[in-house]
Amino acid sequence: MNLHEYQGKELLSSFGVRIQRGIVAQNAQEAVAAAKQLTEDTGTGWHVIKAQVHAGGRGKGGGVKLAKNLEQVEEIAGQIIGMDLVTPQTSAEGKRVHQVLVAEDVYYPGDSEPEEYYMSVLLNRGTGKNMIMYSTEGGMDIETVAEETPHLIFHEEIDPAIGLMPFQARRVAFNLGLSGLAFKEMTKFVSSLYTAYVKSDSSLFEINPVLKTSDSKIMAVDAKVSLDDNALFRHKDLAELRDLREENPIEVEAGKLGLNYVDLDGNVGCMVNGAGLAMATMDLIKQAGGEPANFLDVGGTADAARVEAAFKIILKDPAVKAILINIFGGIVRCDRVAQGVIDAYKNMGTINVPIIVRLQGTNADIAKDLIDNSGLDVMSATEFQEAADKVQQVLS
Ligand code: GDP
Ligand code: MN
């Protein structure tokens, strides 16, 4: 589960990580009130207005703008709220902006130039350890840095059983070329950031940029936080931060029905029991010249109600030109599933795309008879290749 920048920053701040302060606003009037409040709290004269959507690269897409007075705050907030923000990380249609973060300007002039760094915390699956990845090259795409100047990216591996050692936090500050106050600030920043990562059961923090202000404070100017869904049960407060407007509506609905559904770009809808078989089925579809429109694991109980729910979910995608149902009857009996398909089909009235059903396993032969004699426009198959051939046939 991903958080908005403003939620991520609040989380970080609650663990003592210094952040660029801000107040979220739903409309231009609220933005002006937020800006006034921030000026009172922080003394800032300028404000940054930042679109709150689940996508990075907002700056490039015009979703982050500096306002030098309250009129500009109102004008910019009015422009950004309601826009469809297109960034390198969104689709071509972009993402609708519902709210903005009004933040204090932290790039103020002073004794030194502000400096931007990159820092993320994540799990290194290769070593089974947590990792802090950081770079002097902040504010830009880390992918570009990795490609063009990989020697400017550093890693610090942390044994989760031991935790971050003070010398490791100092090494981060040293490698970033810091000294004096900024060095001390960075060690504190790194250790509170790591604590926040562990205590919130996060799977990714990406802070880009981490800023050294002109008076040597170290703070998070941006915050991408991904929480581990499997640990959300012990973070009820964080689970409540979920913003369904940012998620794929079909996936949200499938989740409510207990279906494991992932929306994809292709034209063949899949209904499969078991994740492994679902992956193999997607390969099969590709080999038959199609593209899977989704990944869908209906789980162990493929009864009529679930099959009907799955049909409805798959058919919400207008790109679907055919549906392949591939069920292995190990725990479920194939004849039950077949009856489920028939009942669901009848309940739904008409389904305007061809359906191919492959049932294999317990009572597969009875299932095939049921389908073939149902009088419905459903093709049956028993072998994997047979199913692929039928997909190819209906697509061409
Ligand atoms: P992203 O584009 O989605 O990654 O959004 P960021 O939060 O990283 O903001 C984009 C850019 O806006 C940053 O890299 C900064 O250069 C700039 N920015 C952010 N906060 C301030 C600020 O307080 N003052 C100024 N002048 N620029 C800022
Ligand atoms: Mn950023």
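Modeller: The accessible surface of the protein comes to about 18700 Å². Carbon and sulfur atoms hold 51% of that surface. Such areas come from the Shrake-Rupley method with a 1.4 Å probe, and for residues only the protein chains shown count as cover. This is a predicted model, in which local features need pLDDT of at least 70, side-chain atom pairs count only at pLDDT 80 or more, and totals for chains, interfaces and linings use all residues. Residues are numbered from 1 along each chain as its sequence is written, chains are lettered from A and ligands numbered from 1 in the order written, and side-chain values use heavy atoms, leaving out hydrogens and water.

Of the 396 residues, 48% count as buried. Buried means under 20% relative accessible area, exposed over 50%, and partly exposed in between (1.4 Å probe, protein chains only). The C-alpha atoms fill a box of roughly 85 × 50 × 40 Å along the principal axes. The chain forms 13 helices and 18 strands. These are DSSP runs numbered from the N terminus: helices are H or I, at least four residues, and strands are E, at least two. Take contacts between residues at least 6 apart in sequence: 67% of them join residues at least 24 apart. A contact means heavy atoms within 4.5 Å.

Now the part to look at: the site of ligand 1. The shell around ligand 1 has 17 residues, and Lys50, Arg58, Gly59, Asp105 and Val106 come nearest. A residue is near if one of its heavy atoms lies within 4 Å. By type, the shell holds six nonpolar, five polar and six charged residues. Nonpolar here means Ala, Val, Leu, Ile, Met, Phe, Trp, Tyr, Cys and Pro; charged means Asp, Glu, Lys and Arg; the others, Gly among them, are polar.

On its own, ligand 1 has 570 Å² of accessible area, and the protein covers 80% of that. Strand S2 (47-51) and strand S10 (202-212) are the elements that give two or more residues to the shell.

For contrast, look at a helix. Helix H5 spans residues 166-175, with Gln168, Ala169, Val172 and Ala173 buried. They sit on the same side of H5 because they cover an arc of only 145° around the axis. That arc is taken from the directions from the helix axis to the C-beta atoms. The buried residues pack against strands S7 (115-124), S8 (129-135) and S9 (153-158), and against helix H6 (180-199). Pro166 and Phe174 are exposed, on the face turned away from the buried side. Just after H5, Gly177 takes a positive phi of about 80°.
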